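Colleague: I have a new model open and would like to go through it slowly. Could you walk me through its side-chain details?

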Amino acid sequence: MLGCLVVMTRFAAATRLSNFLDLIYPPECAWCQAPCELTERLCAGCRARFVSGYYRCHRCAAPLPQVLPNHDCARCRQAKWRFTRVVTLATYRGDMRRAIISMKRNRFEPLRRAMADLLGQQLLLEPQHTDALPLLIPVPYHWSHAFSSSTNTAELLAQGIATTSGWPIAQRIVRRIRKTSKQGMLSWAERKTNVRHAFSVKSPDGIQGRQVWLVDDVMTSGATAAELARLLLKAGAAQVNVAVVARGTGVRESGANVAKQ
Ligand SMILES: [Zn+2]
Ligand SMILES: [Zn+2]
């Protein structure tokens with residue numbers, strides 16, 4: 001009983017301290033620094049900004065020009081995607097493009113966590129097709145990336161999504177076995193060739209019969225995701241989907257870095 005009282009007293013003290021600190025350092029939005037709710041990482045305005053209400057192809061998440069619920073885009077009607085579905089927060093442009101570029105820097109870690117949390121919440125709305133929890137697989141970088149100064153954004157996003165969703169991450173199941181050229185300047189046919197045989201499934205046992213979500217920051221052409229989906233399905237995955245913070249359209253903005261996939 002005494003122990004319980006001590007714990008409660010400490011908890012009350014910690015809560016008072018936390019409330020006091022919130023008065024001195026009120027929680028800030030990870031993007032615009034406006035004050036925001038204690039439980040949120042982004043203010044209401046930025047959440048609305050980064051979770052776009054655009055109508056999207058229900059398969060590849062490309063923005064659609066008009067209200068066509070559960071509709072494929074023209075490309076999906078012809079393409080034989082090996083992934084089933086793409087979930088995204090918004091189109092890769094404007095503030096979202098700037099946020100994606102910022103997220104690669106360590107000092108924007110709160111923003112990256114905020115985006116991962118928003119994406120995790122979207123994934124929890126998706127149907128689960130297997131009894132086992134879906135597996136998160138970050139799109140793997142080449143091993144030499146570890147020697148660069150850039151963060152492994154896909155892996156960090158997957159960790160954030162795992163925290164929100166409670167889904168496991170499978171990090172060593174698939175690896176990138178050769179470096180690929182930047183996809184941005186390549187045609188669709190060149191992109192497919194560029195990523196063909198760029199990955200290998202290292203331990204297929206972990207994905208047998210599982211629903212897989214590939215995680216990355218941006219998907220543009222879908223060539224990388226399609227190649228990974230082909231491999232993972234061949235290795236025994238029940239279904240492969242894609243979760244990306246932003247969906248690139250391949251249309252350049254002035255001064256924009258073209259997204260990679
Ligand atoms: Zn904000
Ligand atoms: Zn589509």
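Colleague: What should I know before we start?

Modeller: This is a predicted model, where local features need pLDDT of at least 70 and side-chain atom pairs count only at pLDDT 80 or more, while totals for chains, interfaces and linings use all residues. Residues are numbered from 1 along each chain as its sequence is written, chains are lettered from A and ligands numbered from 1 in the order in which they are written, and side-chain values use heavy atoms, with hydrogens and water left out.

Colleague: Okay, which residues coordinate the zinc ion (ligand 2)?

Modeller: Cys 57, Cys 60, Cys 73 and Cys 76 coordinate the zinc ion (ligand 2) through their SG atoms, at 2.3 Å. Donors here are N, O and S atoms within 2.8 Å of the metal (3.2 Å for Na, K and Ca), and water is not among the atoms, so sites may look incomplete.

Colleague: And what is the geometry of that site?

Modeller: The site of the zinc ion (ligand 2) is tetrahedral, with angles of 102 to 120° among its 4 donor atoms; four donors count as tetrahedral if all angles lie between 85 and 135 degrees. Along the chain, the donors of the zinc ion (ligand 2) have the spacing C-x2-C-x12-C-x2-C. Cys 57 lies in the loop between α2 (44-50) and α3 (74-78) and Cys 76 in helix α3, so this pair ties together parts that are 19 residues apart in sequence. Helices (H or I, at least four residues) are DSSP runs, numbered from the N terminus.

Colleague: Are those two cysteines buried or exposed?

Modeller: Cys 57 counts as buried at 2% relative accessibility, and Cys 76 counts as buried at 6%. Buried means under 20% relative accessible area, exposed over 50%, and partly exposed in between (1.4 Å probe, protein chains only).

Colleague: New topic: how many salt bridges are there?

Modeller: A search of the whole structure finds 7 salt bridges, each being a side-chain nitrogen of Lys or Arg within 4 Å of a carboxyl oxygen of Asp or Glu. One of them joins Arg 49 and Asp 95 at 3.2 Å, N to O, and this pair links distant parts of the chain, with Arg 49 in helix α2 and Asp 95 in helix α4 (residues 94-103), 46 residues apart.

Colleague: What else does Asp 95 pair with?

Modeller: Asp 95 also forms a salt bridge with Arg 98, where the closest N and O atoms are 3.1 Å apart. Arg 98 and Asp 95 both lie in helix α4, 3 residues apart, about one turn of the helix.

Colleague: Last one: where is Glu 227?

Modeller: Glu 227 is in helix α8 (residues 223-234), and at 5% relative accessibility Glu 227 counts as buried. A polar atom of the Glu 227 side chain lies 3.0 Å from the backbone nitrogen of His 197.

Definitions and conventions
Four donors count as tetrahedral if all angles lie between 85 and 135 degrees; four count as square planar and six as octahedral if opposite donors are over 155 degrees apart and all others between 65 and 115; anything else is irregular. Helices (H or I, at least four residues) and strands (E, at least two) are DSSP runs, numbered from the N terminus. A polar contact is a pair of N or O atoms within 3.5 Å; within protein, one must be able to donate a hydrogen and the other to accept it, and residues adjacent in sequence count only if both atoms are side-chain atoms.
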